[in-house]
Amino acid sequence: MEHSLCSVGDIELYILFADNEVMMRLPEDRCTFSIMPLIKELVADVSRLPPLHDIDGADGRLVQTMIDQFAKAPVKHLHLSMPTDPRLRMPLAFPWAT
């Protein structure tokens, strides 16, 4: 899914890629999760794993624990509607963006 992000100020961003088998355990529709401190720390730890980590060892169990926690995390039904004013719907242009 193509998307973009624009931020001002300090930000800490983690992007998780999951295969279809993992996705089948999560809600079908796009949603937001209530992120408990455990999930936050698991995501941070998993982000530091080498790409070719041992999926059958401790690293794989860490990833599986993170997935299990996401699967049971409460879904927050937040809806942020798009603005109706066309000036607010235009992409922002920042001088430092390339």
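From the N terminus on, the elements of the protein run α-β-α-α-β-α. The model is predicted.

Biologist: What makes up the secondary structure of the protein?

Modeller: Four helices and two strands. A helix here needs at least four residues, and a strand at least two. H1 covers 20-23 and S1 covers 32-33, so each counts under those limits.

Biologist: Why is Leu26 called buried?

Modeller: Its relative accessibility is 19%. Buried means under 20%, so Leu26 counts as buried. Leu26 lies in the loop between H1 and S1.

Biologist: Which residue is 45 residues from Leu26 in sequence, and how far apart are the two in space?

Modeller: That residue is Ala71. The C-alpha atoms of Leu26 and Ala71 are 5.4 Å apart.

Biologist: How much of the protein counts as buried?

Modeller: Of its 98 residues, 17% do.

Biologist: What makes the largest nonpolar core a core?

Modeller: Its members must be buried, be of the listed kinds such as Val, Leu and Ile, and be joined through side-chain atoms within 4.5 Å. Twelve residues make up this core, including Val22, Leu26, Ile39, Phe70 and Ala73. Helix H2 (37-47) and helix H3 (58-72) are the elements that give two or more residues to the core.

Biologist: How do you know that Asp68 and Arg25 form a salt bridge?

Modeller: Their closest N and O atoms are 2.5 Å apart. The cut-off is 4 Å between a side-chain nitrogen of Lys or Arg and a carboxyl oxygen of Asp or Glu. The pair is within the limit, so the name applies. Side chains of opposite charge can pair when their charged atoms come close.

Biologist: What does this pair tie together?

Modeller: Asp68 lies in helix H3, and Arg25 in the loop between H1 and S1. The pair therefore ties together parts that are 43 residues apart in sequence.

Biologist: Are Asp68 and Arg25 buried, exposed or partly exposed?

Modeller: Asp68 has 31% relative accessibility, and Arg25 has 39%.

Biologist: How many salt bridges are found in the whole structure?

Modeller: Two. Besides Asp68 with Arg25, the side chains of Asp45 and Arg48 meet at 2.6 Å, N to O. The limit is 4 Å, so this pair counts as well.

Biologist: Why is Arg48 called exposed, but Asp45 partly exposed?

Modeller: Exposed means over 50%. Arg48 has 57%, so Arg48 is exposed. Asp45 has 32%, so Asp45 is partly exposed.

Biologist: What makes Ile15 exposed?

Modeller: Its 55% relative accessibility is over 50%, so Ile15 counts as exposed. Ile15 lies in the segment before H1.

Biologist: Which residues form a nonpolar patch with Ile15?

Modeller: Leu5, Ile11, Leu13 and Phe17. With Ile15, they have about 610 Å² of accessible area together.

Biologist: Where does Ile15 stand in the largest pocket?

Modeller: The space in this pocket is about 2,100 Å³. Of its 44 lining residues, the closest to the centre are Ile15, Leu16, Phe17, Ala18 and Met23. H1, S1, H2 and H3 are the elements that give two or more residues to the lining.

Biologist: Which element gives the largest share of that lining?

Modeller: H2, with seven residues.

Terms used. Residues numbered from 1 in each chain as written. Predicted model: local features only at pLDDT ≥ 70, side-chain atom pairs only at ≥ 80, totals over all residues. Heavy atoms only, no water. Buried < 20%, exposed > 50% of the residue type's maximum accessible area, 1.4 Å probe, protein only. Patch = residues over 30% accessible without salt bridge, like charges linked within 9 Å, V, L, I, M, F, W, Y side chains within 5 Å. Areas by Shrake-Rupley, 256 points an atom, 1.4 Å probe, with all protein chains shown as cover. 1 Å grid on protein atoms, 1.4 Å probe; cavity = no way out; pocket = protein on both sides within 12 Å on 5 of 7 lines; lining within 4 Å. Points joined across faces, edges and corners; volume = space filled by probe spheres on them.
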